[in-house]
Amino acid sequence: MNNLMTESFERVIGRYAGEGDTESGNGFSPDARDMGMDGFFKKVGEIEKQIERITSQLHKLQAANEESQHVTKASDMKAIKQRMEKDVDEGKKIALKVKTSLEEIDRDNLVNRQKPGCEKGTGVDRSRMAMTLALKKKLKERMSQFQTLRQSIQEEYREVVERRVFTVTGTRPDEQMIDQLIETGKSEQIFENAIQGYGRGQIVDTLAEIQERRDAVLELEKKLLDLQQMFLDMSVLVDAQGDMLNDIEAQVTNSVDHVLKATANLQEARKLQKNSRKYVCFAIVMLLVVIIIALFAVLKTSKSSM
């Protein structure tokens, strides 16, 4: 299913090559181009703008996550955490609005099939279905990118914790130690020797920053998982509709190929028929000439005998 948006516009204008009405020369009746398509295109444009807003929120989250890798103070980490939570909430709000709009378009598509020339399987219907599916796929991709960000946050958090432990203790922690710190958030036991050697005051900021970072990761993970759960049903539906539309497009393409081949064969047959008629006419003329010459010869012989 390649270039669905482009193909959809081409089909609204006149379907695939060879898939037109034999009387009018295109795939639709004269007034079918405006059968609900103007309003449909307007809604598509609005949804695309909302998806761009989601993309903007995603970019802000990615930038904030990158920024968080370089902070060492708990206060700075807390400020970034609050920003990221706000951006996730805003992205979720916009995504829900887009999902609702897409569900509304699905209902409109079904209603539009009741109009003459817009029935299921027609060019108008396939255009609407293809463009709606393209929007759903774009939203699905954005939601997948949010989950990719969630995984990155988890992985990078682990790396930061490892660096902090090494900086304070001078010893590179093993996997078990990192897992314990991430799961429990209890860092004093791990830093016990450092506290005894340097004093609690010298590493309190590091302990607070690790705890604040852990709180941020847990809260963001929860929010992003909630976002994923909300769109699981749509993700499954998009995959199913994509397969169905692929089958329809394949059938249409095959039908068009058959129509083109049939048209070419018909033209060839007409050409042969035209040539056959020409040869028959030529043969008749030659036969008439021979008959006339023969009659003339017979008459001339008869006169000579008399």
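Which residue forms a salt bridge with D226, and how far apart are the closest N and O atoms? The partner is K222, and the closest N and O atoms are 3.6 Å apart. This report places that pair in the setting of the whole model, which is a predicted one.

## Overall fold

The chain has eight helices and zero strands. Read from the N terminus, the order of elements is α-α-α-α-α-α-α-α. Of its 306 residues, 35% count as buried.

F41 and M131 are 90 residues apart along the chain, yet their C-alpha atoms are 9.3 Å apart. F41 belongs to helix α2. F41 counts as partly exposed because its relative accessible area is 24%, which falls between the 20% and 50% cut-offs.

## Salt bridges

The structure contains 14 salt bridges. In one of them, the side chains of K60 and D87 meet at 3.4 Å, N to O. This pair connects distant parts of the chain, with K60 in helix α2 and D87 in helix α3, 27 residues apart. K60 is partly exposed, at 40% relative accessibility, whereas D87 is buried, with a relative accessible area of 8%.

Two other pairs are found in helix α7. D226 and K222 are four residues apart there, about one turn of the helix. D226 is partly exposed, with a relative accessible area of 31%. R213 is buried at 3% relative accessibility, and E209 is buried at 1%.

## The cavity

A search of the whole structure finds one cavity of 30 Å³ or more. The largest cavity has a volume of about 80 Å³. R213 is among its lining residues, which also include N65, M77, I153 and L220.

Helices α2, α3, α4 and α7 each supply at least two residues of the lining. Helix α7 gives the most, with four residues. By class, the lining has seven nonpolar, three polar and two charged residues.

## A nonpolar surface patch

On the surface, V280, I284, L287, L288, I291, I292 and L295 form a nonpolar patch, with about 660 Å² of accessible area together. One of these residues, I291, lies in helix α8, which spans residues 232–305. I291 is partly exposed, with a relative accessible area of 40%.

Technical notes: Residues are numbered from 1 along each chain as its sequence is written. This is a predicted model: local features need pLDDT of at least 70, side-chain atom pairs count only at pLDDT 80 or more; totals for chains, interfaces and linings use all residues. Side-chain values use heavy atoms; hydrogens and water are left out. On a 1 Å grid over the protein atoms alone, a cavity is a set of points where a 1.4 Å probe fits but cannot get out, and a pocket is an open set with protein on both sides within 12 Å along at least five of seven lines; lining residues have an atom within 4 Å of a point. Grid points are joined across faces, edges and corners, and a volume is the space filled by probe spheres set on the points. Ala, Val, Leu, Ile, Met, Phe, Trp, Tyr, Cys and Pro count as nonpolar, Asp, Glu, Lys and Arg as charged, and the others, Gly among them, as polar. Patches are made of residues with over 30% relative accessible area and no salt bridge: like charges are joined within 9 Å, nonpolar side chains (Val, Leu, Ile, Met, Phe, Trp, Tyr) within 5 Å. Accessible areas come from the Shrake-Rupley method with a 1.4 Å probe; for residues, only the protein chains shown count as cover. A salt bridge is a side-chain nitrogen of Lys or Arg within 4 Å of a carboxyl oxygen of Asp or Glu. Buried means under 20% relative accessible area, exposed over 50%, partly exposed in between (1.4 Å probe, protein chains only).
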